[in-house]
Amino acid sequence: MNEPIVKFDIDLSKLTANQKSVLKLLVEAAELIAPIYLEQENHNLPGSNFYPADVTKDQILEAAKEDPELLSPYTIVERDNGKLVAVPYHQKYAELLKPVAEKLQQAAELTDDKEFSQSLKVQAEVLLNGDYPKATQTWMEMKPYLLDVNIGPSERYDDKLMFIKTSYQAWVGVMDKVESARMTEYKDMILTARRKVLFSSEKVDYFDKVQTRVDDLVISTGLKARNLPVGTNLPNNFSLMEKLGSEITLFKQSNDLRTAKNRIVFNQLFSEQFKAEFSEEDLREGSLYSTALHELAHTYLRYRDSEKRLQDLFPVIDELAATVMGVKVCGALLVKDIVTQKQLESIMLAYMIRSFNNILNERDNPSRLHYTVGGAIFINYLRENGALKETGGVSWPNFMKMYVSVDELATILERILSQGTRSDAEHLITRYGSLSVFPKVVH
Amino acid sequence: MAKLKQINHSPKTYLTAIGLEKLQIELDELKTIKRHDISDRISRARELGDVAENAEYDAALDEQALVENRISDLEQALRQAKVIKNEVVQHEIVTIGSTIMVEMDGEVDQFTIVGRVEANPAKKLISNESPVGSALLGARIGETVEVATPIVRLRCKVLEIK
């Protein structure tokens, strides 16, 4: 698990003096988020520190009938004379948030870009008044700018009790214009082909409102630093998605770190003959574009009440579904000559290695548990279909069988997301989610 | 991830009339403007002194090589060009130049099949030599064809030919 603050040295030579000064303030603001995250984080409790340690899920749901704010993503649940009460984040952490808002305000006054200035002012205000949808809307509606900052409570992965409460996090990035243009081109090629959906009335449709960018990551803090995801896809709220669309950001430095980890596992798992066929660049691009396709595929899989039906198992099914759907979509790109066979193989390989890496090295990281279990389902499904075999301590993938498996798994997962129950999700996880894959290699 | 646009020299290069015009314009620009611009850049870089440690000189030389390759490719493609006339493009059978709506692997997509030199997937121009392009040539409305690569096999149904 990473520290709650992770910084990267990136090339800033293309930034103006003004942009460099603004960037410095943004990094300082992001750093101040880490202590707030540490107050929320508690991996000894399924509900972290979002709820009283001894409270049950049923008690919260019962109390929420009287006070729906208990189920808000932006409140801490506490006991007051035995009664469960909701305390808004911006009040609970007011003292810690004040200096963050001040840094953002200073950056807003310093920047020579009016629209960015406005976005920073809104982000600063919202940290102190709790009107988070307003900050999201301003952030998403501004035209792409070289600098990017996102600060506030966002992802729910630390709330394993209810999958409701959001953790504080921040990132600051600098746009890579060339990679961003390429990503936008891929997005257009993928999302202009309209997928048939299983239950159209339940589908959240925002295909025309997806924005993408690729950034050099300067700093990541809070939950974002713990996981250092290669991609992020915001907002998480379906009604905001429907209204505003979504913004996908890929982080090059996170991908480089992931590629380095993947390389170790790749060397451990495969034969010399197989390894010789994939260069470092194949692994790097495979990882980056597997993430890009994963994030784009989410667009196909947003079913309105899926979180409510699948409850705490939603993240496992949702994240795995996006990955396999991304690979499936890549098959359509291959037959149109948009990607090569080698690129599709690299993308499948990247996800397979990442799944093994999660099982081998991240199984004790609670923030990644949903990815780890999802990866185990993927690997075990491949094994059952004969797409992945183990001989003499090394693994042998069959990419054709792998694509067939991906196709089948994508259908199963989309069915669960569109109309399945928690019990359906649990059945799949019980059958395929064992972390004891390839005992010879893993242990 | 982006593939380098390469022109393979098979005997015929199929082009639509618009595609032919675009390639001719691109070739003219490369020969009359770009080639001279790069030549000027190389001269200016030389004037800066020692070319051994001159990044601008190296970059200009690299670009010159790319431009000359592209000129060579375009000249050869145009020499071998076979233009698909509008009147040949039918609405019952998929040919090069057909704009078609298909259902493939759960998605509905619309694109135009063009010769490989004109192919630009970002603009929905798919090569006749791509797996899906070659599988669809000659197909009729309502017909389902199998598109096969060593890894991926998909069924593709022609919904409409425009």
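Predicted model: local features only at pLDDT ≥ 70, side-chain atom pairs only at ≥ 80, totals over all residues.
In the interface, 24 residues of chain A are in contact with 23 residues of chain B. On the chain A side, at least two residues each are supplied by helix 8 (177-191), strand 6 (194-195), helix 13 (280-298), helix 15 (314-335), helix 16 (341-361) and helix 18 (399-419). By residue type, the side of chain A that touches chain B comprises 11 nonpolar, four polar and nine charged residues.

Within chain A, helix 1 (residues 17-31) packs with helix 5 (residues 94-110). Their axes come within 8 Å and cross at roughly 170 degrees. Because angles over 145 degrees count as roughly antiparallel, helix 1 of chain A is roughly antiparallel to helix 5 of chain A. Helix 1 of chain A contributes Ser21(A), Val22(A), Leu25(A), Leu26(A), Glu28(A) and Ala29(A) to this contact, and these meet Val100(A), Lys103(A), Leu104(A), Gln106(A), Ala107(A) and Leu110(A) of helix 5 of chain A. Eight of the residues in the contact between the two helices are nonpolar, two are polar and two are charged.

Helix 1 of chain A also contains Lys20(A). With 12 other C-beta atoms within 10 Å, Lys20(A) is exposed. When residues up to four places away in sequence are not counted, Lys20(A) touches Leu12(A) and Leu15(A). The C-alpha atoms of Lys20(A) and Thr111(A) are 9.7 Å apart in space, although the two residues are 91 residues apart in sequence.

Helix 11 (residues 252-269) of chain A has 18 residues. From its first C-alpha to its last, helix 11 of chain A reaches 25 Å, close to the 26 Å expected at 1.5 Å a residue. Buried residues in helix 11 of chain A include Gln253(A), Ser254(A), Asn255(A), Arg258(A) and Thr259(A). Also buried in this helix are Asn262(A), Val265(A), Phe266(A) and Leu269(A).

Most residues other than glycine have a negative phi, and most peptide bonds are trans. A cis peptide bond, with omega about 5 degrees, joins Leu234(A) and Pro235(A); Pro235(A) lies in the loop between strand 8 (231-234) and helix 10 (238-244) of chain A. Leu228(A), a residue other than glycine, has a positive phi near 45 degrees and is found in the loop between helix 9 (223-227) and strand 8 of chain A. Leu228(A) is partly exposed, with 18 other C-beta atoms within 10 Å. A positive phi of about 65 degrees occurs at Asp337(A), which is not a glycine. Asp337(A) is placed in the loop between helix 15 and helix 16 of chain A; this residue is partly exposed, with 18 other C-beta atoms within 10 Å.

The secondary structure of chain B consists of three helices and seven strands, arranged along the sequence as β-α-α-β-β-β-β-α-β-β. Of the 162 residues in chain B, 30% are buried. Among contacts in chain B with a separation of 6 or more, 50% involve residues 24 or more positions apart. Strand 1 (residues 13-16) of chain B runs parallel to strand 2 (residues 81-84) of chain B, to which four bridges join it. One of the bridge pairs is formed by Thr13(B) and Ala81(B). In a regular strand the side chains alternate between the two faces of the sheet. Both faces of strand 1 of chain B are covered, with Thr13(B) and Leu15(B) buried on one side and Tyr14(B) and Thr16(B) buried on the other.

How values were computed:
Residues numbered from 1 in each chain as written. Chains lettered and ligands numbered in written order. Contact = placed C-beta atoms within 7 Å. Nonpolar A, V, L, I, M, F, W, Y, C, P; charged D, E, K, R; others polar. Axes fitted to C-alpha atoms, helices over the stretch in contact; angles between N-to-C directions. Parallel < 35°, antiparallel > 145°, perpendicular 65-115°, else oblique. Buried ≥ 20, exposed ≤ 12 C-beta atoms within 10 Å, placed from the backbone. Pairing = 2+ DSSP bridges. Expected span 1.5 Å × (residues − 1).
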